[in-house]
Amino acid sequence: MTTKCKDRKEKITRAVMKVDIYQVLVGVVEEGVALGLNRARKHTDRPDDDLIVDRITCAIMDGISVYFDFET
């Protein structure tokens with residue numbers, strides 16, 4: 001499929017793009033772990049393991065929900 005932009009005189013060909021879901025998830029998980037650790041340590045220097053796991057899990061799932069729609 002081709003379109004013609006108003007700003008340009010040449011035609012632009014639209015290419016098919018594929019999302020590398022694995023790389024998206026890796027980025028979300030890495031960001032979620034960092035964010036979750038920061039949240040767990042926000043009010044205490046020594047959070048317990050359950051709090052750390054909870055904050056990391058919530059941050060990862062929040063990040064995933066930005067990119068993926070969970071149908072119910």
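1. A helix, in this note, is a DSSP run of H or I of at least four residues, and helices are numbered from the N terminus. With that convention, helix 1 and helix 2 (49-67) each supply at least two residues to the lining of the largest pocket.

2. The structure is a predicted model. Its chain has an average pLDDT of 88, and 85% of the residues reach a score of at least 70. Confidence is highest in helix 1 (residues 21-40), with a mean of 96, and lowest in strand 1 (residues 2-4), with a mean of 57. Where pLDDT is low, the predicted coordinates should not be read in detail.

3. The arrangement of the two helices deserves attention. The axes of helix 1 and helix 2 come within 7 Å and cross at roughly 140°. Helix 1 is therefore oblique to helix 2, since only angles over 145 degrees count as roughly antiparallel. The crossing in which helix 1 passes helix 2 is right-handed.

4. The largest pocket has a volume of about 170 Å³. Which helix gives the most to the lining of this pocket? Helix 1 does, with 6 residues.

5. The residues that line the largest pocket are Val24, Val28, Glu31, Gly32, Leu35, Arg39, Ala59, Asp62, Gly63, Val66 and Tyr67. Sorted by class, this lining holds 6 nonpolar, 3 charged and 2 polar residues.

Terms used:
Residues are numbered from 1 along each chain as its sequence is written. This is a predicted model: local features need pLDDT of at least 70, side-chain atom pairs count only at pLDDT 80 or more; totals for chains, interfaces and linings use all residues. Side-chain values use heavy atoms; hydrogens and water are left out. pLDDT is the predictor's confidence in each residue, from 0 to 100. On a 1 Å grid over the protein atoms alone, a cavity is a set of points where a 1.4 Å probe fits but cannot get out, and a pocket is an open set with protein on both sides within 12 Å along at least five of seven lines; lining residues have an atom within 4 Å of a point. Grid points are joined across faces, edges and corners, and a volume is the space filled by probe spheres set on the points. Ala, Val, Leu, Ile, Met, Phe, Trp, Tyr, Cys and Pro count as nonpolar, Asp, Glu, Lys and Arg as charged, and the others, Gly among them, as polar. Axes are lines fitted to C-alpha atoms, for helices over the stretch in contact, and angles run from 0 to 180 degrees between N-to-C directions. Angles under 35 degrees count as roughly parallel, over 145 as roughly antiparallel, 65 to 115 as roughly perpendicular and the rest as oblique. A crossing is left-handed if the near helix is turned anticlockwise from the far one by less than a right angle, and right-handed if clockwise.
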